[in-house]
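Please open the structure in your viewer and keep the selection panel at hand.

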Amino acid sequence: MMAGLGGRGRRLRRALMMSVAVVAVAVAGGQLPGQPGIAVARAAERGYAVPAGPLAQALQVFGQQSGLQISYIPSLAAGRTSPGVTGEMDAIQALVALLEGTGVDFRTGEGGLVTLVPAADQGQGQQSRAQKLDPVVVISALTDVRTIATSTVDRETIERLQASSVPELLNDLPGVDLVGSARPDGHSLNIWGFGDQEDVAITLDGADKSFEKYRQGTVFIEPELVKEITVDKGSFSPRGYGAFGGTVALTTKSASDMLLPGENTGGFLKLGYGVNGKEWSRTTALFGRDDDSGAELLVSATRRDNDKYRTADGQKLNLSEGELLSGHFKGSVAREDHFLELSGAMSTSDVLGPFAAKTGQIVPSDYQIDRYGFEQALARLTVRRQTDDRSLSGKYVYDPADPLVRTTVQLSWSETKQHDKRQVEDISVNLGLGGNESWLSYENYGAEIYNESRFAVGGLETTLSIGAQVKHQDRDSMAYSWTDRNDPDRNYGHLQPYNIPAGTQTIYAGWMEYEVDFGNGLTVTPGLRYDHIRTDGVPNAAADYSDPAKGHDYSAVVHKGFSPTLNALYQVNDNLALFGGLAYKLRAPLVDEIYEVGTNRSSARQLEAERAFEKRIGAVLTFGDVLEPKDKVLTRVQIYRNDVSDNIMRVFGSPNVGRYPDRVPSHHNLRGFYTQGVELEAFYDSPLYIAGLSLAYAEGEHEGSVRDIYGADQPVYDIAPFKLVAQFGRKIPEYDLLVGWKGLFVAGQDDVPDDALIPYSPYPASAGYGVHDVYVSWTPRDGLFGGATARLTVQNLFDKDYKAYFNGFSAKGRSVKAAVAYTF
């Protein structure tokens with residue numbers, strides 16, 4: 001993998017050796033493989049619909065739905081009430097939720113037998129906390145081949161971080177980085193060196209969320225709506241299309257997540273305040289459940305607003321004021337073998353800002369100030385932007401007592417619309433920057449049906465999953481150019497921006513996955529996906545952008561192909577699991593990649609689909625009773641390599657343009673690039689302490705460069721610098737307190753393209769930095785303040801002035817955030 005990489009390969013090997021050393025330390029401090037450790041039940045994700053009620057009754061229903069063997073003394077369940085569990089998860093996660101607040105815990109043993117024990121009798125085999133070791137992230141389903149490399153940010157972490165955007169919540173994960181400035185509407189994600197919108201798939205309760213516009217954010221979802229965020233790096237599942245960087249699945253809160261134990265109705269109030277920017281957030285929610293009908297419903301609303309943020313260089317960030325209104329609902333009905341869930345979310349904002357939301361400080365030039373005055377000069381750089389985001393999704397699960405039938409049907413719709421209007425109308429603005437007024441919307445429709453069958457073949461337990469998908473995206477674009485208001489060839493100024501064409505893309509896909517459990521700890525899961533993608537353009541309203549003589553062709557283009565995957569997991573013993581994965585995935589060109597044109601640029605209907613050959617290997621170590629009774633240690637290390645061929649890029653640079661003696665297309669396929677790296681996560685949890693350490697190192701290189709595909713090889717500019725996140729927390733049970741510290745340490749990034757003729761990287765070389773946060777959480781379990789929560793977080797404690805690599809502007813200064821919440 002690393003042969004011939006020179007200095008970069010040596011750096012990667014050093015990072016790998018350091019990671020292995022940390023793993024070795026974790027092993028040395030714990031039990032040796034083969035000793036008793038944390039045993040976990042093997043269970044794939046499935047839907048659960050267990051209503052609240054007597055614990056014995058809930059356990060009986062849960063046993064039927066999960067297939068787990070549960071053993072307990074009848075007197076242990078007597079007089080106890082379970083809150084129930086609803087939703088799709090693995091059996092262990094469902095059992096943890098089912099026993100929440102009951103005073104009952106469990107252990108797992110040989111053959112997956114689950115034994116219930118009093119909560120006070122928590123031995124080293126306790127699993128209810130075995131997966132939740134990190135104060136920031138949960139490593140999911142440690143013995144599930146599909147999710148062993150998955151990271152999940154849970155509700156507790158989301159509420160403690162008090163983030164203003166979803167990407168901000170994920171910036172501490174290794175291999176995942178926030179892209180953008182202090183403005184939340186300009187945030188997007190980079191995973192494993194993939195930073196384009198199409199490379200990171202984002203879903204909200206199963207609905208696809210996609211938006212791409214020059215220097216804009218990609219996720220317009222209020223974090224307060226979200227219960228859980230699951231991050232799958234890479235594209236190793238046959239269910240997923242493209243998304244070479246990974247998939248971020250957001251799950252909203254439901255009534256079951258909010259109800260107090262033993263209650264069927266309730267409410268939630270929350271008030272938050274951030275000193276930096278005078279940021280207020282207010283949330284209200286009502287929820288309830290009817291045990292007789294198996295129905296539940298939650299409705300919530302949130303308002304967030306702020307003044308100008310202060311950056312760490314002491315400046316007020318012009319045009320960073322904002323207001324966001326959002327809300328969501330989620331309802332479900334569970335009856336015998338049937339489970340139906342419907343959820344919807346919305347948000348709307350109306351702000352004054354720069355056209356490029358990812359930019360930093362906006363200051364008019366001295367010439368503009370002298371001519372127009374500061375306020376008028378700033379107005380000439382300002383757009384009024386209204387963003388509306390909507391989604392609606394439904395899921396039906398039929399799960400009878402038949403191992404061959406577990407059928408799921410999912411339908412979804414989402415829409416993101418953005419309307420920009422310049423504050424000064426009679427100025428000339430380039431169409432590439434939206435003109436004087438612009439409208440852009442992404443509308444996504446999705447449908448999927450799949451079935452999971454369990455059966456034995458030759459004495460081996462197997463699971464066959466087969467599914468079909470249809471996804472359709474309608475991209476509508478229009479602008480008004482004041483300069484062209486009298487030009488009939490430009491439709492009197494009403495036309496699509498040449499770089500933001502309109503069009504549709506429809507994906508028809510089928511997929512299958514076959515899991516084979518060999519019974520000796522080894523599970524192998526081959527998969528296969530087939531995609532047929534049709535992309536249609538919409539002719540531009542302007543004549544000079546719809547001229548066949550210039551190669552402007554908006555007719556349909558079809559791409560298709562197979563995408564095989566292979567995943568494996570070997571559970572060596574209770575302490576050690578090894579995993580690996582291979583995927584060869586396809587991504588067709590986007591609407592804008594095919595149909596972007598210019599007065600001297602043609603459509604790019606010649607584009608081939610991109611391909612990514614992705615590889616990963618890793619190990620997970622878990623131990624109990626390491627430093628004191630009832631503590632746990634978890635360590636995960638992962639190495640990955642992605643080789644991308646026929647990567648698509650806009651044609652620029654005289655060497656590339658010179659390859660097209662006649663018509664120059666807007667985009668073309670390059671020769672390819674690779675990204676590779678190593679990640680390590682190590683977490684510790686005990687009755688009194690929590691600690692975490694994660695690191696990520698990556699590198700990547702193009703064959704040639706993006707401006708000269710046959711020139712000297714150049715680094716991939718989307719590679720994040722080395723990142724280390726350290727955390728430590730102290731629990732104070734007698735006062736229901738958690739006090740903690742987090743340090744984010746990032747190295748400088750100087751491995752950027754050094755093409756002296758045309759420096760083309762959007763991210764200049766950056767210096768390293770370290771940032772410290774502290775937090776306090778108070779969650780009284782009972783008494784006068786039972787049901788209340790109070791949190792205090794100080795971000796950038798020492799007001800460090802730094803510029804993140806994927807930003808290039810001074811970061812937000814010290815931010816003190818406080819929140820109080822009450823559930824009743």
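Buried denotes a relative accessible area under 20%, exposed one over 50%, and partly exposed the range in between, computed with a 1.4 Å probe and protein chains only. The model is a predicted one, in which local features need pLDDT of at least 70 and side-chain atom pairs count only at pLDDT 80 or more, while totals for chains, interfaces and linings use all residues. Residues are numbered from 1 along each chain as its sequence is written, and side-chain values use heavy atoms, with hydrogens and water left out.

**The whole chain**

Begin with the protein chain coloured by pLDDT, the predictor's confidence in each residue on a scale from 0 to 100. The mean is 88, and 90% of the residues reach 70 or more. Next, select residues 1-6, where pLDDT stays under 50, and then residues 12-43, where pLDDT also stays under 50. With a contact defined as heavy atoms within 4.5 Å, the model has 11 contacts beyond four places in sequence for residues 1-6 and 73 for residues 12-43. Where pLDDT is low, the predicted coordinates should not be read in detail.

Switch to a cartoon display: the protein chain has 11 helices and 42 strands. These are DSSP runs numbered from the N terminus, with helices (H or I) of at least four residues and strands (E) of at least two. Of the 824 residues, 57% count as buried. Among contacts with a separation of 6 or more, 68% are between residues 24 or more positions apart.

**Helix H4**

Select residues 91-98, which make up helix H4; its buried residues are Ala91, Ile92, Ala94, Leu95 and Leu98. Viewed down the axis of H4, these buried residues fall within an arc of 160 degrees and therefore line one face of the helix. The arc is that of the directions from the helix axis to the C-beta atoms.

**Salt bridges**

A salt bridge is counted when a side-chain nitrogen of Lys or Arg lies within 4 Å of a carboxyl oxygen of Asp or Glu. By this rule there are 47 salt bridges.

Select Arg490 and Asp544, which form a salt bridge with their closest N and O atoms 2.8 Å apart. This pair links distant parts of the chain, 54 residues apart: Arg490 is in the loop between strands E24 (460-480) and E25 (494-495), and Asp544 is in the loop between strands E27 (522-537) and E28 (557-571). Both Arg490 and Asp544 are buried.

Move to Arg605 and Asp553, whose salt bridge has its closest N and O atoms 3.7 Å apart. Arg605 lies in the loop between strands E30 (601-602) and E31 (610-624) and Asp553 in the loop between E27 and E28, so the pair ties together parts that are 52 residues apart in sequence. Arg605 is partly exposed at 33% relative accessibility, and Asp553 is partly exposed at 30%.

Now select Asp388 and Arg390, joined by a salt bridge of 3.9 Å, N to O. Asp388 is buried, at 13% relative accessible area, whereas Arg390 is partly exposed at 28%.

Finally, select Arg155, Glu156, Glu159, Glu224, Lys253, Lys270 and Arg791 together: salt bridges link these residues in a network.
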